[in-house]
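Please look through the structure below with this briefing beside it.

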Amino acid sequence: GVGANYLEVCAVAVQRGSAEAAQVALALQAALAGSPEKVDTEYPCHGAGAQRWFVARVSGFQIGRYSYAIVTHQNITDRKLAELAVGELNDNLELRVQERTAELKDANQRLQVSEARFRAIFEDVGVGFAVAGLDGKLQQFNAAYCAIMGRDAASLKETQLRELVHPDDLAELESERRKMLRGEIPGVLLEVRILRPDGETIWIH
């Protein structure tokens with residue numbers, strides 16, 4: 001109140017554990033010693049059922065050979081509440097990013113395991129397997145497929161599937177493939193003839 005010694009007030013607050021009061025006391029002592037520096041110290045002053053924050057501003061000035069200090073207090077509660085809300089949002093966002101990163105890492109690990117299993121089956125099974133793109137070019141195939149086609153991997157790479165099929169079976173195969181691409185059928189299962197480089201014609205499905 002009026003007439004109270006501000007440094008004594010700060011000392012009592014320091015005894016109660018207020019680090020901010022110690023900062024204000026140091027700034028006030030510096031101002032009274034002639035320092036022109038202006039010092040701002042933010043501090044909480046919560047009441048029953050309400051959170052409040054203030055900033056204490058200490059400014060020193062001189063009149064003649066005497067030093068004086070002005071201490072003002074400004075309510076900054078709205079700003080602090082906004083900062084706390086932003087901080088909470090950032091914490092929640094960071095937590096969500098961490099959770100999503102963990103989910104993606106787990107999904108990637110499961111995908112790698114699945115791909116490894118597929119690759120093991122793809123390579124080791126005695127049945128010929130091949131994967132073609134939407135344009136009909138062969139992208140992947142196993143050793144059994146090469147043996148069936150009578151070709152090596154280098155000659156099959158980027159080969160169009162239609163180039164391997166007997167001309168008399170090509171129209172039906174292309175028709176069914178277009179239906180599959182349009183989503184009209186889930187897949188294609190046909191018996192077609194394959195022309196091998198050695199002149200032999202074989203049936204596959």
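Ile70 counts as partly exposed, because its relative accessibility is 44%, where buried means under 20% relative accessible area, exposed means over 50%, and partly exposed lies in between (1.4 Å probe, protein chains only). This is a predicted model, in which local features need pLDDT of at least 70 and side-chain atom pairs count only at pLDDT 80 or more, while totals for chains, interfaces and linings use all residues. Residues are numbered from 1 along each chain as its sequence is written, and side-chain values use heavy atoms, with hydrogens and water left out.

- Ile70 has its place in strand S3, where strands (E, at least two residues) and helices (H or I, at least four) are DSSP runs numbered from the N terminus.
- The C-alpha atoms of Ile70 and Glu176 are separated by 89 Å, and the two residues are 106 residues apart along the chain.
- Together with Phe61, Ile63, Tyr66 and Tyr68, Ile70 forms a nonpolar patch on the surface, with about 490 Å² of accessible area in total.
- Strand S2 (53-63) and strand S3 (66-75) are the elements that give two or more residues to this patch, and S3 gives the most, with three residues.
- A patch is made of residues with over 30% relative accessible area and no salt bridge, with like charges joined within 9 Å and nonpolar side chains (Val, Leu, Ile, Met, Phe, Trp, Tyr) within 5 Å; the areas come from the Shrake-Rupley method with a 1.4 Å probe, and for residues only the protein chains shown count as cover.
- Tyr66, which is found in strand S3, is partly exposed because its relative accessible area is 45%.

**Salt bridges**

- The structure holds 15 salt bridges, each being a side-chain nitrogen of Lys or Arg within 4 Å of a carboxyl oxygen of Asp or Glu.
- Arg57 forms a salt bridge with Asp40, and their closest N and O atoms are 3.2 Å apart.
- This pair links distant parts of the chain, as Arg57 is in strand S2 and Asp40 is in strand S1 (residues 39-44), 17 residues apart.
- Arg57 is partly exposed at a relative accessible area of 30%, and Asp40 also counts as partly exposed, at 45% relative accessibility.
- Arg193 forms a salt bridge with Asp169, with the closest N and O atoms 3.0 Å apart.
- Because Arg193 lies in strand S6 (residues 192-195) and Asp169 in helix H6, the pair ties together parts that are 24 residues apart in sequence.
- Asp169 counts as buried, because its relative accessibility is 9%.
- Arg182 and Glu184, which are both exposed, form a salt bridge whose closest N and O atoms are 2.8 Å apart.
- Glu42, Arg79, Lys80 and Glu83 are linked in a network of salt bridges.

**The second largest pocket**

- The second largest pocket has a volume of about 180 Å³, a volume being the space filled by probe spheres set on grid points that are joined across faces, edges and corners.
- On a 1 Å grid over the protein atoms alone, a pocket is an open set of points where a 1.4 Å probe fits, with protein on both sides within 12 Å along at least five of seven lines, and lining residues have an atom within 4 Å of a point.
- Residues that line this second largest pocket include Tyr6, Cys10, Glu20 and His73, and H1 gives the most to the lining, with four residues.
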